[in-house]
Amino acid sequence: MTSSTSFQPVLERIAEEIERTPGRGRPADYIPALAACDPRSFGMAVAEPDGTVYGVGDWRQPFSTQSITKVFTLALDLAREGDALWEHVGREPSGNPFNSLVQLEYENGIPRNPFINAGALVVTDRLHTRTGDASGELLGFLRAESGNPELTFDKEVAASETAHGDRNAALGHFMASYGNIDNPVPVLLDQYFRQCSVTASCADLALATTFLARHGIRADGTRLLTRSQAKQINAIMLTCGTYDAAGDFAYRVGLPGKSGVGGGIIAVVPGRCTLCVWSPGLDERGNSVAGVAALDRFTTLTGLSVF
């Protein structure tokens with residue numbers, strides 16, 4: 001692929017192919033606000049490092065970001081505390097469901113990676129200790145990087161998560177018993193559920209992720225992460241970003257990515273572009289069926305991959 005001008009035709013071709021695809025999976029049904037989403041909705045955006053953005057379908061439709069936000073809280077905390085973070089959370093794929101308690105027991109309260117729920121709770125906890133408002137810090141960052149000051153939390157989604165949050169509470173208390181949580185667990189859970197309730201569009205998230213394509217440089221030209229730290233986050237996204245389907249995602253798509261049960265997936269082509277795709281129908285692992293298919297087609301049609 002020689003010219004960025006060909007991103008738009010590629011997106012349009014992908015959208016046409018997805019439209020003809022039967023079977024889109026099912027929306028997450030344990031959060032009422034997500035269960036009501038139409039599984040045939042589809043949007044996709046590509047953002048270049050200079051802020052140019054291309055899109056197709058429902059690419060400006062806000063949706064529930066859910067676990068996608070874990071990438072941004074990880075970046076914000078890593079920027080503040082550096083390698084000390086890795087004493088509290090690992091960098092290995094889990095091979096277990098994203099809300100599993102099993103590994104924590106025999107790994108002494110140290111979560112396997114920052115993208116399973118236990119690991120994300122640790123990162124949010126540490127960011128909250130350093131900022132006094134982890135979810136507010138996240139929202140400010142997303143607004144700045146996307147250029148959209150209207151981004152906000154969805155109170156209905158946050159309330160749904162709180163009402164169904166017993167497993168996350170168990171994870172928090174279990175890690176606290178090992179001394180791996182600083183803040184009171186109810187405070188941490190409130191911050192975490194607010195973080196997961198941010199609504200944003202494909203355009204917003206593609207733009208907000210471009211700091212990873214720019215090797216750590218924010219939209220305003222300031223440096224958030226060292227080049228090495230940006231590489232680290234991209235690496236963890238590749239190996240751990242799509243729950244326990246990360247190996248299959250790497251095989252099919254070949255890009256660092258992070259999914260959420262709202263049906264969104266962000267992906268990074270370092271130095272070249274970032275993507276966000278959204279379709280709320282999920283597979284049994286919690287990843288968007290049409291989203292993975294669309295990213296697979298994108299890397300096939302453009303030849304862009306980290307491999």
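This is a predicted model: local features need pLDDT of at least 70, side-chain atom pairs count only at pLDDT 80 or more; totals for chains, interfaces and linings use all residues.

**Exercise 1.** Decide whether G172 is buried or exposed, and find out what it touches.

*Solution.* 
- Step 1: Locate the residue. G172 sits in helix α8, which covers residues 166-177.
- Step 2: Check its accessibility. The relative accessibility of G172 is 0%, and buried means under 20%, so G172 counts as buried.
- Step 3: Look for contacts. Leaving out residues up to four places away in sequence, G172 touches L121, I181 and V185.
- Step 4: Compare chain and space. G172 and D125 are 47 residues apart along the chain, and their C-alpha atoms are separated by 9.6 Å.

**Exercise 2.** Find how many salt bridges the whole structure has, then examine the one between E17 and R13.

*Solution.* 
- Step 1: Recall the idea. Side chains of opposite charge can pair when their charged atoms come close.
- Step 2: Count. Searching the whole structure gives nine salt bridges.
- Step 3: Check the distance. In the pair E17 and R13, the closest N and O atoms are 3.3 Å apart, and the cut-off is 4 Å.
- Step 4: Check R13 itself. R13 has a relative accessible area of 43%, so it is partly exposed.

**Exercise 3.** Work out which parts of the chain are linked by the salt bridges R218 with E145 and D296 with R252.

*Solution.* 
- Step 1: R218 and E145 form a salt bridge whose closest N and O atoms are 2.7 Å apart.
- Step 2: This pair links distant parts of the chain, 73 residues apart: R218 is in the loop between α11 (210-213) and α12, and E145 is in helix α6 (residues 134-146).
- Step 3: E145 counts as buried, at 6% relative accessibility.
- Step 4: For D296 and R252, the closest N and O atoms of the salt bridge are 3.2 Å apart.
- Step 5: D296 lies in helix α14 (residues 289-302) and R252 in helix α13 (residues 246-252), so this pair ties together parts 44 residues apart in sequence.
- Step 6: R252 is partly exposed, with a relative accessible area of 33%.

Technical notes: Residues are numbered from 1 along each chain as its sequence is written. Side-chain values use heavy atoms; hydrogens and water are left out. Helices (H or I, at least four residues) and strands (E, at least two) are DSSP runs, numbered from the N terminus. Buried means under 20% relative accessible area, exposed over 50%, partly exposed in between (1.4 Å probe, protein chains only). Contact means heavy atoms within 4.5 Å. A salt bridge is a side-chain nitrogen of Lys or Arg within 4 Å of a carboxyl oxygen of Asp or Glu.
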